[in-house]
Amino acid sequence: MRFVDEFRDADAARALAARIAARCEPGRRYKFMEVCGGHTHTIYKHGIEDYLPEAVTLVHGPGCPVCVIPMGRVDDAVHIARQPDVIMTSFGDMMRVPGGAATFLDAKAQGADIRMVYSPLDALKIARENPDRRVVFMAIGFETTAPSTAVTVLRAAEEGIDNFSVFCNHVLIIPAVKAILDSPDLRLDGFIGPGHVSTIIGCRPYEFIARDYRQPFVVAGFEPLDILHAVDLLLGQLAEGRGEVENQYARVVPWEGNRIAMEVIGTVMRVRPHFEWRGLGFISHSALEMAEEYAAFDAERIFDIPGTRIADPMACQCGEVLKGVLKPWECKVFGTACTPETPIGTCMVSSEGACAAYYNFGRFSRERVREATRA
Amino acid sequence: MCLGIPGELVGDVEEHTDLAMVDVSGVRRRINMGLLADDHLKPGDWVLVHVGFALSKISESEAKAVMDMLHGLGQAYTDEIDALKESDIS
Ligand code: SF4
């Protein structure tokens, strides 16, 4: 185990690490999944696994919204962006996500008008200022981000802005977690639950995990100590034979979530029957689309979209990484053919993706990876 | 993109647009407060900001702790602040 002196509160970290070690039953192994990419980022940035006993493994889940966008959706978005009167807007993280044919960056270099925005409200402003162009917002993200898109659409409707639409790729966290729980390749002992998604949906939606799968689920914050604390709580539940939802991040996450945010999502969007996730395939009821009432703002209805479906490249093992079956460095192309500059898979694109997090932090230099692979 | 950045309200919430001026680590931008209407925010309150929207009301000490952590993130944080600087919500 490493020294914890670099932690803001080294004493607390030391105490937690000791308690975690003491809680592990001899001979038993524990595998916890952190669902959220933000946690993955902290875990690699601070080398959290080095503070944990051998018996505890953290595996990374599907909670990076950029990582789960399938290639076909990127191609569809590029298709929209190439219409001569279109301005495509998107978060910066989307720019490098590979489609089957091109990324947004490629399409932009080839002349498509694609602009990075910080907020969907910035996209709406572009629409307001360019009445002769059709402005499309490439909406991605879990429930954390969906309310922002929904409020923006309500605003557009209110102002009567008719050249603004949303290409909706918002995904839902619960069906993804359920798909992982039902997947035969992975046996988990508990979850470190997402912090920001939970500010919106609250903690109740996770109760089925405790009830039906008898697994502990601890919603956690993003500081290194939060993650250690969550591991401690998970082990505590297991030691006592409990499987419950706990909120370690109550200082930010209200147990009931955000009523207003859930209402605006419900007003503007509907659950899709199916949605394809990169690497995970089709998952029922796992994403949002624009509701009938807001069809006028739905890029999927406005544009003739090819509905491209492309299998992930053979070399890419993002699916296994997103399900926590493989560690990023176990992917055959990690760090060689696939790097943040030339990503093959999506997990290498966003800083919240497991592969990019592994790659970016010096602790996981190629040397370390080689060592780890030998061990 | 999933970062939540703490910001301090430095102006009142405008009634019709739900926007309020927020100071996010020295950058002043208008941020949408609509999702926190139940919290009746006022100047001096701290919120966690995500893609131009306040997601959650937080304490000042939590804001400081999150800020410290974000500074430690390096590039991901700088990218987010740069994006915010470009933002001009109205
Ligand atoms: S290294 Fe690249 S291709 Fe392999 S899992 Fe990671 S992102 Fe996907």
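Predicted model: local features only at pLDDT ≥ 70, side-chain atom pairs only at ≥ 80, totals over all residues.
In strand β6(A), A:F167 is the bridge partner of A:M138.

**The four-stranded sheet**

Zooming out, β5(A) and β6(A) belong to an open sheet of 4 strands with parallel pairing, in the order β4-β3-β5-β6 (chain A). β4 (114-116) and β6 (164-170) of chain A sit at the edges with a single partner strand each, so one side of each has no neighbour in the sheet. From one strand to the next, the twist averages 25°.

Two helices pack on this sheet. Helix α3 (residues 71-81) of chain A touches β3 (86-90), β4, β5 and β6 of chain A, and its direction makes about 170° with that of β6(A). Helix α5 (residues 120-129) of chain A also packs there, touching β3, β4, β5 and β6 of chain A; its direction makes about 175° with that of β5(A).

**The five-stranded sheet**

Another open sheet has 5 strands, ordered β2-β1-β7-β8-β9 (chain A), again with parallel pairing. Here the edge positions go to β2 (56-63) and β9 (245-247) of chain A; each has a single partner strand, so one side of each is left without a neighbour in the sheet. The twist in this sheet averages 20° from one strand to the next. At the β9(A) end, β8 (residues 217-219) of chain A pairs with β9(A) in the parallel sense over 3 bridges, and A:V218 has A:E246 as its bridge partner in β9(A).

**A hairpin**

For an antiparallel pair, look at β11 (residues 274-277) and β12 (residues 281-284) of chain A, which pair over 4 bridges. A:W277 stands opposite A:G281 in β12(A). The two strands form a hairpin with 3 residues between them, and A:G279 in the turn has a positive phi of about 80°.

Here are the strand pairs side by side:

| Strand pair | Sense | Bridges |
|---|---|---|
| β8(A) and β9(A) | parallel | 3 bridges |
| β11(A) and β12(A) | antiparallel | 4 bridges |

**Around the ligand**

Now for the ligand. The space it takes is the second largest cavity. Around the ligand are A:C316, A:Q317, A:C318, A:V321, A:C331, A:V333, A:F334, A:C338, A:G345, A:C347, A:M348 and A:C355. How do the residues of this shell divide into nonpolar, polar and charged? There are 10 nonpolar and 2 polar residues, and no charged ones.

Terms used
Residues numbered from 1 in each chain as written. Chains lettered and ligands numbered in written order. Heavy atoms only, no water. Near = heavy atom within 4 Å. 1 Å grid on protein atoms, 1.4 Å probe; cavity = no way out; pocket = protein on both sides within 12 Å on 5 of 7 lines; lining within 4 Å. Sits in = over half its atoms within 2 Å of the grid points. Nonpolar A, V, L, I, M, F, W, Y, C, P; charged D, E, K, R; others polar. Pairing = 2+ DSSP bridges. Axes fitted to C-alpha atoms, helices over the stretch in contact; angles between N-to-C directions. Contact = heavy atoms within 4.5 Å.
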